[in-house]
Every structure is written in structure tokens, then in C-alpha cells.
Amino acid sequence: MTLTVLILLPLLGAMVIALLPKHRPELVFPVAIGVSILPLAASLWILVNFATGDPLFQFTEDYVLSETFGFGWRLGVDGISLFMVVLTGILVPLAIAASKSIAERPKQFMVAMLVLEAGLLGVFLALDLLLFFAFFEIVLVPMYLLIGIWGSDNRLYAAIKFVLFTAFGSIFLLAGIIVLAIEGGDATGAVTSFDFRTMLSLDLSSTMQIWLFLAFGVAFAIKVPIFPFHTWLPDAHTEAPTAGSVILAGLLLKMGTYGFLRFNLSLFPDASVDLAVYLGILGVIGIVYGAAVAIAQPDIKRLIAYSSVSHMGFVVLGIFALTSQGLSGAVFVMISHGLVTGALFLMIGMIYDRRHTRLISEYGGLATVMPIYAGIFLFMAFASIGLPGLSGFVGEFGVLLGSYLTFPVLAILAGSGVILAAVYMLWAYERVFTGSVTNPKNEGLSDLGFRELAILVPLIVLIVGIGVYPKPVLDRIEPSVELILDRVEAQTDYDVTEYGRVDEVVEPRGIVGETTGHAADESGHGDEEGSG
Amino acid sequence: MNNASFLAVAPEVVVLAGALIVIILGVIVDRPRREWGFVAALSFLVAMVLSVVQWQAVDDLIADGSSLLFFSARSVPILRSPMVVMDHYSAFAGFAIFTVGLLGLGAVWALVQRVRDRGVELVALILLAFAGLHMMTISANIIMLFLGLETASIAFYVVAGFTRSRPEADEAAVKYFLLGSLASAIFVYGAALLFAGTGSTSFYGAGGMKTFLSATIVAEPGVLLLGIGLVIVGLAFKVSAAPFHQWAPDVYQGAPTGAVGLMAAGVKIAGFAALGRILIGALPTQIDEWAPILSIIAGLSMVIGTAVAVAQTDVKRLLAYSGVAHAGYIMMAFVAGDAGIGAMWFYVSMYALTLVGAFAIVSAVSRTSTDGSDLDDWAGLSRRSPELAWSMLLLLLAMGGIPFTAGFVAKVSVFTVAADAGYLWLTILALLTTVVGLYVYFRVAAKMFFAGPADDAPAVEVPVVLRTVIAVTVVSTIAFGVDPWPLLDLVREALPL
């Protein structure tokens, strides 16, 4: 019931807001903040009660709604989705808190935000593919309204582009799900079966796996977005209102990488192994391309948008490195990117509220008028670059470490992304904040107020917290990641490369040797060190 | 005449009786507008209840081993076969058709009141038309089916031109009449060829098409195929499937807005029910011949309907073209034969609901301007009348196939049965056109929600009856989107005999 309650809480909140009296518009903002705290509390409750070390789904719910069509309200949370859920719980209240300046139809805005939250939670919790798809797709509607109603000048174009791109991807996903459901139905004797766990036991031919991988992959690749499907992202992120950008970058993009992790790797292991290198290459292209384009952006929001393309490239590379470090690193980057980029979009929103421009050239020397703002921005810039001790470092380091095992060349190329990140972030910082105030409009700007600080401080604490001490997070991610890799190993003749192997060679045959020897025998493709 | 045979035609009797009472009331009572509505609504309600009774009676008849076929015309040698069938298929069709009738009556009520004394004609015509529509679904004989088709069509020709003062109404009525008659003629020719090919006009019973075809090798396969093709073309006209859809946009635009919903929705349900009765009920053995024809018509409808809808600037024309696309999606279900019937029912009944609701909203919005339905009239509707805008948005989302609306379940159902039947290309084509369709519907949403600065236009006034119709359609669209499973299980049993 816990997870159902979690999904229903934002919807209940939306209902409460919709029912607020028309002549009391001042109530909308505080009530919205209040109701958005509830899902946060619920997600933290799940985090606290999550059994660390258990790789399987927890808090599972399985209400079969249709025997005939094999559909059920099936939910569950594991180490991968856990942090996506918590991230959703954290970012939505912050995004709402940052939307005090919404004057146009504030009620509808808050309702859209909360419906969006329910959809996102559903995506991360669903264990039924039709249910997953339903949540995956419903997210489009509130986001379309958020961009279209409350966006900036070019919002109509950005909104419809966002919908068409993602919907175009979704149809392939739906086609893939239908094919899988029919296969699942044949296996279970029903018309169709949408149960994720039934699908895991299907024996799909490798050609079929490739096709289905591609069908699922297109949908997720557009969502991530993986180069060359990224063109919707800068428009949507830039035109969306602050809260919309935060949710887009912080959570919506993760739906794609989460999809790859949860469905592509587990359902189509053969195809994943075969296609891993191509996705790795696309990931690296994304890293370098996103960073390079970000350097040239005159619009600070667009710059951050392109930096998302780069960071999400790291996630993709980490996932398809198919190593424990790579996958854990990828999940960690997802969390960190949500916090850091969310914070950056929030901060751009704060300055936009004051000056109504996002052009870097309009600013300069802000550090003298807004020292606190400048300091926090610099902190976030370093977190985004991946400075050790901050959250960005842990994930990207894991990804590089993990991908070096399988794709050393790609890992080295990806490393350049970190350097490019320093270029675009610090250069942007220099142009906006350093020197003396050149534009007279910037002279009277007030520094951050209490509400704005209250929004940013939790993010700062989290970024430092998991950056300095990532163990509690990784302890929960790793078992679930290992389970996925075990499954890939069991279904294919692929061996997950590990750093540990080299040490095992020099160790005398003993307990350690027996365990590795077993794995090598089973796969039938024993590595050299197994016999050495 | 036994009880069961009376029950088989009871809904028609009730609705026709309602029509007669309304006409008589119109003559003898002074200004009885409200009473016409009560009588008509009551007839539809009773007919709905009778459909439910029929459904249960069918179970009993099957358990007793009794026949579900009635009214053999023994005196005429050619027609020595049952005329009417009562099965789950017809019972479900009845419930869906009369529900649409009832809701449609609510949507058209404002018009009935506005045209004063002429309103009685409109109410009576609607009742007559719906009796005809349901007759199409209970027919066990192609001549009966044609009678039902013509009863409904002729009544609807008049309804299309009902607001005579508008020039578009004349055009609509004439166009609908000419092209509709042509379609009827094609259908009759097809029926004649079916008779030539099988030696029977009856679908069931000894010597009926189904028994004949399952026992015999057809001597003249060409004649039969031509007959099948012409019957499909005739019905494709009626349900406005491409390339036989040209009348639809003009008729939708010219006909009184409140009435378009019930016309379009009613004809779609009955037309597809008739198609299923003939193809899957009577000619299941020839599926390899008619399924490819249908798949091509379905594909064309989706592509043409969606592509042309993109360019429309008039909401009624836009909905007309989107209706062409939806006809294509519904037709997809037929290629799976029996297995597709459930998906077909779910899709067509849910689409009918959204269509009635959408036209109810269109009629409410266009009432404030000049009965036109230019897309620009919708600009900023979410500010003027947020409830109306959100209702329309939900109905549009249902048409677009967004999850948690009935439209999504409907689309997934037909896509699944078509893919399962091996028509993967059709499924992929349907998925692609769905995306373009989303553009069409989101464009209307953009007009309502994103359009420029607030204008001073007053809030749209919605009469209580219309408000109820809109609420019922929106709520049921969402309810069947969230929990479609009981209905999906039910319609799987609504198979033709």
C-alpha cells in the first residue's frame, strides 16, 4: 500500500488545490507547498525503511486487475528506483517553492506540477509494462501545459516539439510492449501479459531481442536524450518556466536512463551486450558534443540545458559499460545531476525573476552586488564539473572507472567531458559574476532572500553530503545493479569485467579461486587468468 | 409470436412508439417542448434497460438450447429464413446506441428549444433514426439491415439540413443525401451480389450465408468477392472511412452542431456493428478475402484522416477528419476476426462517448458566436471557461490516446489484436498516425490554453442539460480509462452469433 499511497498523495494534493475557493488566490502557494511535502515525507519513509543489501524489489504490490489481459497494478522499488523516487520527492517541493512569482493561473500551475509528480513516481515504481507506459506517457500532458502556458517567448514551438519528439519515441515503446505482451500471453495462456516479471522469463530469440531493444531504445534515447535525438531538449528546457526546467532536467530525463537500466538490460540481455558499444559511442558523442555546444551558448539557461546532454552522456556510457562500477556510477550521476542541474535551473530562475533576461552578455560583475548568489552559483558550478568531495565527482568517476574496463578508448574520450565542463561552467561564471558591474541595470539587484536560500540550502547539504560520504547511497544501489549484471551474465556468454580479477591471479588457489573458477566454468569462456 | 421474439425487437418498438407520441404531442399540445424531451429520453432509457434484459435473456436462451433467430417469413420463398437475431452482439450494440441517443438528445436540447415549434420534428427524427440504427445491428438478413440503414440515413439527411436558414445547412443536407444515397445504392448492389454468390439474403439459419459458405465450395468466387467489396464500400461511406469520407467534413460543418455528435457517433456504432455482423457473423469463412480489403481502407483512413486534420482551422471539420482516422483504427480490429470484436466494441463505444461530449462542448462554445466553429473562437477558452476547456482537453486527450483515458485503452486493444493477427505493418502505421494525431489535438489544446492576452469575451453559458452531458461523457471517458477491465471482459462476450 505504501507505494500506492505515495503515488496518490500528489493527486490528492492536486485535488485539494483545485477545490480551493476562487476568491482566495493567496492560499494556493502555501497550500501547494504543504501538500507537496507529503510525498516527500512518504518517499523519505520508504528510504528509511528500505532494506539495504536486498537487491530485489521491496514494498511490492501486485493487484491483478485483469486476468484476461494480464494487467495489474504492480509496483515495487529497488536500489535503482529508490533514489529516483526520493529525488522526485525532494525536487518537486523545491520547484514549487521557487514558483511564487507565477501570477498567471497559479492554481492550474500547481495542479499540473502535482499531476506531473504522480506520473513521475509511477514511472519509477511501475512493474507492469502497460502501467509503466501509461505513466511514461501521461507525464507529457502536464509538461506540455507547463511549457505552453507558463513558458517564455517561444513556448508554443517548444511545447509542441517536446510532445511530438517524445510521443514519437513512445510509439515504438508501445509497439515493443505490445509484442512482448503477446509473447507473454502465449506463455501464460492469457490474451496478453504485461507483468514485468513474466516478461523476464520469456525466451526471446536474439533477432527479436535486437528489434525490441531498438524499439524500447528509441523511446528512451529520445527521453534521455542521446545524441542525435537531443534537439528537443534545449528548446524545452529554455522555454519552460523555472519549475518546469527543474523537473525536466532533474527527473524527466532520468525516465530514459531508468528505462534503459530497468527494461533494456534485463529484458534483452543478448541485444544489450551486442549493442553496448554503439550506445557507448553515442554516449561519448553526447558528452563531448553537449559540452562543446554548451561553451558557445549566449543564453545561460541554454548552456545548462546542453550541459545536461553532456552529463546524460555519462549515464549512458556508464550503463552500457556493463560493469558494476559503470552502472552504479550511472545511477549516481542520475542522482547528482538531478540535484546539481536542478539547483542551477533554480538559480537561473532567481536571477531571471530579477532581470528578465537569460543572456550572459547582459550580466557581468554580479558577484559584487549579489555575493551570496555568486558564491552558491560557483559551488554548483564546481559540483557540475565534478570537483572531488561533491556529488558530481563520485558518479562520473565511477562511470569512467567502469567504462575503462570495457571501452578504454571511450573512457579516455569521455574524460575530456570533465575538462570541457570546467571550460563552459567557469567561463560562464567569469562572464556573469567577475569583474565590475558593467550594465547599470544590474547595480541595484538584491541578493538572495530567505525563501530562496531555504530552497538552495537543502540541495547544497545533499550535494556535499553524498559527495563526501556516498557509501549509504552506493550500498543501496549496488546490490540491485549486481542483480542486473548477474542476469546479463546468466543469459548471455558475456563476462562482466571486474577490477578484482587481476589480484585473484596472483593469489594462491583457495577459497577465492574456487568461486571465480566456478563462474568461469559456467560461462564456458574462461578468461586467461582462470587457468593461470 | 413468443416472448423472446417480442423482446428481440422491443427496443425498436419502444423508440418508434416514442417517436409517434412525440409527433402526436406536437400536434395536440400547446408549447410542450419539455414534454417531448421527457418522452424521448424515457424511450431511450427504456430501450437501454431492454438491451440489458436482452443480454440476460440471451444467456437463458443459450442455456435452454433455444434459437436466437426470429421472424422467419415463411410465406415468401426467397425470404424463408430468420430476419432478426438477438445475441450479445445486438444487445451490447443496443445499449451503446441508445446511450448515445440519450446523451445526444441532451446535447441537441438547446437547439430544440431554440427552434421552438419545429423542435418536435427534430426529436421525432432522432428517435426514428436511432430505431433504424439499432435495426442494423439486430438484422439476421441483409435486406433487414438495409431497411435499418435507410431508416437511419433518411432521418439523418433531414437532421443535417435542419437549420435551414444557414447556407451551409443546405449544402450539407444535399451533399449528405446525394452521397449517402449513392452509398446505399452501392450497398444494395453488393447485397444482391452476395445473394447471387450464396443463394441467400440471410446471414444465419439453414441455407443462410454462414451455413452455405462453411459447407460449400463457392462456384463463383468473383461474384462473392465483388459483393463483399461493394458491401464494405457502402458501409465505409456511412462510417466515413477513407477514401469514402468526402461528405463528412461538409456535413459536420453544415449540420446543427448539437446534432452532429449523435449523428456521427450513432452511425459509427451501428455502421461498424453492421460490418461486423456481415463480415464476421455471416462471412467468417472468407476472412482471407475481406481482411486485406479492410486493412487497406483502415490504413488509408488513418493516414488521410490524420494528415488532413492537421491543416484544419475549423473545429467541426477537424473533428470530422479525426473521425476518419478513428474509423481506420476501429476497422483495424476487424482483421483479427472474432478475436477483434471486443476491441472494436470498446473502441467504437468509447469513441462515440468522446465524440458526443466533444460536439456538446463545440455547440456550447459556438453558441456565443455565430454558430461557426472557427478554431480562433477557442482562443483563451481556459480563461473564460476553465471547466469547459479542461473537459475538452480530457476528451481530446482521449481521442489522442493518452493514458488514463478510455481512448488509450481502446488504442492499445485494437493495436494488440491487429498485431496478434499478423498485421504488424498496420499496427505500426496506426502508431505513427497516432503521433500526428496528437499534434492535431494538442493544437486545439494550445488554442484553448496558450492563446494570447485575456480577451473580454464573457464566460460561455452552458445550460444544465448540456452541462450534464459533458460531465457524463468526461467522467466516463476517464473512468473507463482508469478501470476498463470489467467492460473489456464484457465486450469479449459480445460476439455475433
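Predicted model: local features only at pLDDT ≥ 70, side-chain atom pairs only at ≥ 80, totals over all residues.
Local features need pLDDT of at least 70, side-chain atom pairs count only at pLDDT 80 or more, and totals for chains, interfaces and linings use all residues. Residues are numbered from 1 along each chain as its sequence is written, chains are lettered from A and ligands numbered from 1 in the order in which they are written, and side-chain values use heavy atoms, with hydrogens and water left out.

Q: Why is A:Phe59 called partly exposed?
A: Buried means under 20% relative accessible area, exposed over 50%, and partly exposed in between (1.4 Å probe, protein chains only). A:Phe59 has 22% relative accessibility and therefore counts as partly exposed.

Q: Why is B:Ser240 called buried?
A: The relative accessible area of B:Ser240 is 1%, so this residue is buried. B:Ser240 also has a positive phi, near 55 degrees, and lies in the loop between H8 and H9 of chain B.

Q: Which peptide bond of B:Pro243 is cis?
A: The bond joining B:Ala242 and B:Pro243 is cis, with omega about 0 degrees. B:Pro243 is placed in the loop between helix H8 (221-238) and helix H9 (247-254) of chain B.

Methods
Helix = DSSP H or I, 4+ residues; strand = E, 2+ residues; numbered from the N terminus.
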